[in-house]
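Got the viewer open and a hand on the selection tool? Here's a walk through the model, one stop at a time.

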Amino acid sequence: MTEENPSTRADAPEPPGPPVLTLHDVHVRYGGSHILQGVSFDVPATGVTALLGRNGVGKTTTLRSIMGLAPRTGRILLQGNEIQAQRTARIVRGGIGYVPEDREVFGGLTVDENLRLVDPDHGVDAPVVARLFPDLVTRRGQRAGTLSGGQQQMVSLARVLLRENALLLIDEPTKGLAPKLVTEVADVLAEVALTTPILLVEQNLPLVRRIADRVVVLDAGVVVHRGAAADLVGDADLTRELLGVSMRREGAA
Amino acid sequence: MSDLVLLLVTGVGLGALYFIAASGLSLIYGLMGVLNFAHGVFMTAGAYAAWLTMGALPGTWPMAGRLVIGVLVAVAVGAVVGLVVEVLLIRPLYRHHIQQVLVTVGLSLAGVAAAQGIWGADPRSVDKPAWMSGTTELLGARLPNDRFVYLLVALGLFAGLLALLHLTRLGLVIRAGVENRTMVEALGIDVHRTFTVVFALGGAAAGLAGVLHSQYAGAVSPAQGGSLLIFAFIVVVIGGMGSLTGTAVAAVVVGLVQQLANYYAASGVGDLSVVLLLALVLLLRPTSLKGATA
């Protein structure tokens, strides 16, 4: 922790204490494509770690490989225990909550049914729902497929928060949302991060600046940068070099 | 008028048989994406199990009682066969759809051959309760009583499956799994256990269909399950794979079209008309191939 930053964010890239998650030399191949080419990094047990990079560098694939949803080799440790051979459901019950890209709510089920899949006894009546997502309580009987994108994102987030998690993996939660909803989602993430570490894939740099403590940057299937979020997002040259968000590399995929 | 009433009732009765045969197929495809060509073997197994059971029970017992016990045995045998097939043959090939098709096709051929080897290729007649062989006069038509039995059983199965899907935890997981089974797994739910249960459930329904079909035909034969399976597949595709209500509606439509075409066109045209109906539905509504919600 340094004195320059008055916020609660940790500026040190790697805080003391064992990491909650460790990836060691993780490879993912789909057919002939070698998507992850030896990804290694730690996710500290507190705060938000943002996983950044241009489109197509393997951010979503990294999350899917952790969840056992992509065919992977290498070692993945959750709180020191190897999970790379486990099936997805076991990994989730072992403590990793996963909010996928595009929300993936069950459109034919009601809001309450979506939540009861995870918490059969409470569903939308669970205290965390009333606290963080009051809108969902009033829409309990509505089919999730008829909700707006922002509301579906809240369902997707609420679903994982009904479980005790050691770590949350959240993939582009603000994709396609209006600015007001982006703020709402960010508020929820900031509050959740007080108690549960988050590995966040996000393209929205102002949001990363606001809630992330650390960043891991991928390029072409390998980690090319690790450090404090403020250092990266505050440095225009570095941002341009690593993320391609500049006139020169605009639209690079 | 009496002809039409007769055709409608027999058509709906036939549709009821198709629904019983197709319901398990539809759930299995909807949840697991498995096109189960072995479903016909499950039906044949149920039919033979009931035939053997009814033959082994004392002839002094009332026929209806022996049939009820035969049905219970058929349902149990169908469930066990479904469970064993899922665990031994389908589960190791999860996500390998071509191999699953090959295995289930192979099983359907092997099942027919095994039945032929043990009981011979010829149809063996089954006993039928006297009341089911009789008719009831309604609106001037003499309606075969067994069609009412098929209809009642199908309605009971439909109501039971709907209750299962909408009132139980298992049903919630099935409905979610039909939409997106990967996401069910990603919420920490062991969807493979659900697969096994659904396969056993589908097998039980197939066993039931097998014994009722043998009552309908008056005999059991090795290829019986396979011929009913063709219509069950047509019903499932028309109804939208994975949709139980769609399956029910499609089953009645297919039964009626077949019966009406056989009478008003020519005997044998019924089968052809069902295939034409399938082609028509696929041309006009190709989404029915993609599946729907349970």
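**Before you click**

This is a predicted model, where local features need pLDDT of at least 70, side-chain atom pairs count only at pLDDT 80 or more, and totals for chains, interfaces and linings use all residues. Residues are numbered from 1 along each chain as its sequence is written, while chains are lettered from A and ligands numbered from 1 in the order in which they are written.

Colour by pLDDT, the predictor's confidence in each residue, from 0 to 100. Chain A averages 88, with 90% of its residues at 70 or above. Select residues 1–12 of chain A: pLDDT stays under 50 here, and the model has 12 contacts for them beyond four places in sequence. Two residues are in contact if their C-beta atoms, placed from the backbone, lie within 7 Å. Residues 246–253 of chain A are also below 50, with eight contacts beyond near neighbours in sequence. Overall, the model scores ipTM 0.85 and pTM 0.85.

**Stop 1: the hairpins of chain A**

Helices (H or I, at least four residues) and strands (E, at least two) are DSSP runs, numbered from the N terminus. Two strands pair if DSSP finds at least two bridges between them.

Select 21–30 and 33–43 of chain A: these are β1 and β2, antiparallel and joined by eight bridges. The hairpin has two residues between the strands, and A:G31 takes a positive phi near 55 degrees.

Which residues are the bridge partners of A:L23? A:F41 is its partner in β2(A), and A:I76 is its partner in β4(A).

Carry on to β5(A), residues 81–82, which pairs antiparallel with β4(A) over two bridges. There, A:L78 has A:N81 as its bridge partner. This hairpin also has two residues between its strands, with A:Q79 in the turn at a positive phi of about 50 degrees.

**Stop 2: the six-stranded sheet**

Next, trace β6-β7-β8-β3-β9-β10 in chain A, an open sheet of six strands with mixed pairing. β6 (96–99) and β10 (222–228) stand at the edges with a single partner strand each, so one side of each has no neighbour in the sheet. The twist averages 15 degrees from one strand to the next.

Zoom in on β9(A), residues 214–219: six bridges join this strand to β10(A), and the two run antiparallel. A:V215 stands opposite A:G227 of β10(A).

Then show helix α7 of chain A (179–193), which lies across β3, β7 and β8 and runs at about 155 degrees to β8(A). Such angles run from 0 to 180 degrees between N-to-C directions, with axes fitted to C-alpha atoms, for helices over the stretch in contact.

**Stop 3: where the chains meet**

Show both chains: 16 residues of chain B are in contact with 20 residues of chain A.

**Stop 4: chain B**

Chain B averages a pLDDT of 89, with 97% of its residues scoring at least 70.

Select B:R175, in helix α7 (169–186) of chain B. Is B:R175 buried or exposed? B:R175 counts as buried because it has 23 C-beta neighbours inside 10 Å; the cut-offs are 20 or more other C-beta atoms for buried, 12 or fewer for exposed, and partly exposed in between, with C-beta atoms placed from the backbone.

Finish on B:A232, which touches B:Y18, B:A21, B:A22, B:L25 and B:H39, leaving aside residues up to four places away in sequence.
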